[in-house]
Amino acid sequence: MEQIGLAAPGAELSLWALFMQAGFVVKIVMIGLLAASIWSWAVMIDKTLAYGRMRRAFNRFEDTFWSGQSLEELYRSLAEKKPTGMGALFVAAMREWKKSFERGAKSPISLQTRIDRAMDVALSREMEAIEGRLGFLASVGSAAPFIGLFGTVVGIMTSFQAIAGSESTNLAVVAPGIAEALLATALGLVAAIPAVIGYNKLTSDAAKLSARMEGFADEFSAILSRQIDERSSAGQRAQAAQ
């Protein structure tokens with residue numbers, strides 16, 4: 001294991017000085033934890049902004065959907081784009097609806113099943129996008145304290161080896177080496193605590209967005225189911241009249 005000399009009494013104990021005095025392994029641990037913390041904050045900020053945009057998009061779509069606009073017109077306007085969220089569910093369901101009737105679908109039950117499956121697939125894709133990178137926050141939150149502890153253990157072992165070599169147990173000599181090692185644990189907690197809090201908050205927000213999309217899917221499925229029944233009844237009456 002690498003050997004480091006004990007700091008002289010009165011050595012500078014600023015964070016930067018402690019980092020520079022640390023051993024190679026401890027420095028690698030500190031740099032990794034700092035990078036994980038920065039990336040965690042980037043993910044949390046990006047997801048917070050993305051979820052805000054998604055909630056506003058949901059509100060706009062619901063206002064348009066329930067405004068009385070024709071489903072055909074809404075479908076044409078959205079199909080030309082790459083809709084996300086509720087728009088993606090709506091387009092997936094309408095696309096299956098139109099394809100089935102263009103091919104002369106005869107079974108209302110099978111048509112309803114295909115529409116529900118199309119929305120389920122679209123919902124799964126949207127949830128993958130919504131929950132993307134949240135797993136990184138969970139990993140940082142669970143692993144960072146242990147990674148920091150590993151750096152601390154290595155640092156303390158190195159410090160003890162240096163103490164044994166110098167045959168000095170003076171607190172002023174020992175303290176800087178121990179402080180360097182404990183800094184790794186502190187960085188582990190600095191990385192883990194925001195990641196855990198952010199993960200819990202963003203997971204809750206993602207669940208709320210998922211619930212809104214599932215609620216819309218159920219409502220739209222019921223609307224299409226009524227239209228399927230009406231068309232089926234109309235077709236039966238037409239056949240009876242003949």
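User: How many salt bridges does the structure hold?
Analyst: Five salt bridges. Keep in mind that this is a predicted model.

User: Which residue forms a salt bridge with arginine 133?
Analyst: Aspartate 46 does. The closest N and O atoms of arginine 133 and aspartate 46 are 2.3 Å apart.

User: What does that pair tie together?
Analyst: Parts that are 87 residues apart in sequence, because arginine 133 lies in the loop between α5 and α6 while aspartate 46 lies in helix α2.

User: What about the phi of arginine 133?
Analyst: The phi is positive, about 75°. Arginine 133 has that value although it is not a glycine.

User: How exposed are the two partners, then?
Analyst: Arginine 133 is partly exposed, at a relative accessible area of 40%. Aspartate 46 has 30% relative accessibility, so aspartate 46 counts as partly exposed too.

User: Give me another bridge. What does glutamate 72 pair with?
Analyst: Lysine 98. Here the closest N and O atoms are 3.1 Å apart.

User: Which helices are those in?
Analyst: Glutamate 72 is in helix α3 (residues 71-79) and lysine 98 is in helix α4, so this bridge ties together parts that are 26 residues apart in sequence.

User: Where do lysine 201 and aspartate 205 sit?
Analyst: In helix α7. They are four residues apart, so about one helical turn separates them.

User: Let's zoom out. How many helices and strands are there?
Analyst: Seven helices and zero strands. From the N terminus on, the elements run α-α-α-α-α-α-α.

User: And what share of the protein is buried?
Analyst: Buried residues make up 38% of the 242 residues.

User: New topic: rings. How many aromatic pairs turn up?
Analyst: Nine, from a search of the whole structure. Phenylalanine 61 and phenylalanine 65 make a stacked pair, because their ring centres are 5.9 Å apart and their planes are at 20°.

User: Are they buried or exposed?
Analyst: Phenylalanine 61 counts as buried at 9% relative accessibility. Phenylalanine 65 counts as buried at 6%.

User: What about phenylalanine 90 and phenylalanine 220?
Analyst: They form a tilted aromatic pair. It is 5.1 Å centre to centre, with 40° between the planes. The pair links distant parts of the chain, 130 residues apart. Phenylalanine 90 is in helix α4 (residues 86-102) and phenylalanine 220 is in helix α7 (residues 171-241). Both residues are buried.

User: Which residues do ring pairs link into a cluster?
Analyst: Phe61, Phe65, Trp66, Phe90, Phe216 and Phe220.

User: Now the surface. Which residues gather in a patch of positive charge?
Analyst: Arg53, Arg55, Arg56, Arg60 and Lys208.

User: Which helix gives the most to that positive patch?
Analyst: Helix α2, with four residues. Arginine 55 is placed in helix α2. At 34% relative accessibility, arginine 55 counts as partly exposed.

User: Last one. What makes the nonpolar surface patch?
Analyst: Phe146, Leu149, Val153 and Met157 make that patch, which is about 400 Å². Leucine 149 is found in helix α6. At 45% relative accessibility, leucine 149 counts as partly exposed.

Methods: Residues numbered from 1 in each chain as written. Predicted model: local features only at pLDDT ≥ 70, side-chain atom pairs only at ≥ 80, totals over all residues. Heavy atoms only, no water. Phe/Tyr/Trp six-rings, centres within 6.5 Å; stacked < 30°, edge-to-face > 60°. Buried < 20%, exposed > 50% of the residue type's maximum accessible area, 1.4 Å probe, protein only. Helix = DSSP H or I, 4+ residues; strand = E, 2+ residues; numbered from the N terminus. Patch = residues over 30% accessible without salt bridge, like charges linked within 9 Å, V, L, I, M, F, W, Y side chains within 5 Å. Areas by Shrake-Rupley, 256 points an atom, 1.4 Å probe, with all protein chains shown as cover. Salt bridge = Lys/Arg side-chain N within 4 Å of Asp/Glu carboxyl O. Lys, Arg positive; Asp, Glu negative; His and termini not counted. Charge placed at Lys NZ, Arg CZ, Asp CG, Glu CD.
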